[in-house]
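Work through the exercises below with the sequence and the model open. Try each task before reading its solution.

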Amino acid sequence: MGMSVTISVATEQDAEQIFRLQYLCFQSEAALYGNYRIDPLVQSLDSVRQEVASDCVFVARLGEEVVGSVRGKVTGDGAAAIGKLCVHPRLQGHGIGARLLRAAEAALAEERGATTFRLFTGHRSEGNLRLYHRSGYEAVGRSQGADGVEMIILEKQARQAGAYAATA
């Protein structure tokens, strides 16, 4: 590859690259469900900018290019909602998604006091489910997304994240 992928906190200048990357990456999810109205595909650039400004957002960079992203925020019950984890299709399968997830978990626990991590993924998203199970998440329920996709809810306790923080 020549260059190494670095993980860092997203900046305001990253919002447009995150927006474009998200649209590219979630095409395969949309195809899996036959639904091109899933949230990552209909989210506006302004909304992405707002999330970068207020939430815990990390990016993976290859040189100047944003090749991965993840977002998280602490909800009223002390849980951190983690979402929109994506890695450029040409770089999937190299551990970048797991590194992004660990970085978000560490920051959400250490800087924002999260006690539990919670995420959702579509019930047919086998690759995502494998990643989340390898990362210590367990299925705790199901829900239906606003877009009609059946989602699996996964959680893990924040204390489990500390072991991963040093490797992010």
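## Exercise 1: Strand pairing

Task: Find the residue in β7 that Phe-117 stands opposite.

Solution. Phe-117 faces Lys-156 of β7. This is a predicted model. Next, widen the view to the strands. β5 and β7 (residues 150–157) run antiparallel and are joined by seven bridges.

Now take the other partner of β7. β6 pairs with β7 over six bridges, also in the antiparallel sense. Within that pairing, Arg-142 has Ile-152 as its bridge partner. Finish at the turn. Five residues separate β6 from β7 in a hairpin, and Gly-148 in the turn has a positive phi of about 95 degrees.

## Exercise 2: The nonpolar cores

Task: Which element gives the largest share of the largest nonpolar core?

Solution. Start with the core itself. The largest nonpolar core holds 30 residues. Phe-58, Ile-82, Leu-100, Leu-108, Phe-117, Tyr-132 and Tyr-137 have the most contacts inside it. Then list the sources. Two or more residues each come from β2 (56–62), β3, β4, α5, β5, α6 and β7. The largest share, eight residues, belongs to α5.

Look next at Leu-108. Leaving out residues up to four places away in sequence, Leu-108 touches Cys-56, Gly-72, Lys-73, Val-74, Ala-80, Ile-82, Gly-113, Ala-114 and Phe-117. A second core is separate and has 18 residues, including Ile-18, Tyr-33, Val-52 and Cys-86.

## Exercise 3: The largest pocket

Task: Describe the largest pocket by its volume, its centre and its lining.

Solution. First, the volume. The largest pocket contains about 1300 Å³ of space. Second, the centre. The pocket has 48 lining residues, and Phe-26, Lys-84, Leu-85, Asn-128 and Tyr-132 are the closest to the centre.

Third, the elements. At least two lining residues come from each of α2 (27–33), α3 (39–42), β3 (65–74), β4 (79–87), α5 (96–110), β5 (116–122), α6 (126–134) and β6 (138–144). The lining splits into 21 nonpolar, 16 polar and eleven charged residues.

## Exercise 4: A loop glycine

Task: Decide whether Gly-93 is buried or exposed.

Solution. Locate the residue first. Gly-93 sits in the loop between β4 and α5. Then apply the cut-off: exposed means over 50% relative accessible area. Gly-93 is at 81% relative accessibility, so Gly-93 counts as exposed.

Last, check a distance. Gly-93 and Leu-131 lie 38 residues apart in sequence, and their C-alpha atoms are 9.9 Å apart in space.

Methods:
Residues numbered from 1 in each chain as written. Predicted model: local features only at pLDDT ≥ 70, side-chain atom pairs only at ≥ 80, totals over all residues. Heavy atoms only, no water. 1 Å grid on protein atoms, 1.4 Å probe; cavity = no way out; pocket = protein on both sides within 12 Å on 5 of 7 lines; lining within 4 Å. Points joined across faces, edges and corners; volume = space filled by probe spheres on them. Helix = DSSP H or I, 4+ residues; strand = E, 2+ residues; numbered from the N terminus. Nonpolar A, V, L, I, M, F, W, Y, C, P; charged D, E, K, R; others polar. Pairing = 2+ DSSP bridges. Core = buried A, V, L, I, M, F, W, Y, C linked by side-chain atoms within 4.5 Å. Buried < 20%, exposed > 50% of the residue type's maximum accessible area, 1.4 Å probe, protein only. Contact = heavy atoms within 4.5 Å.
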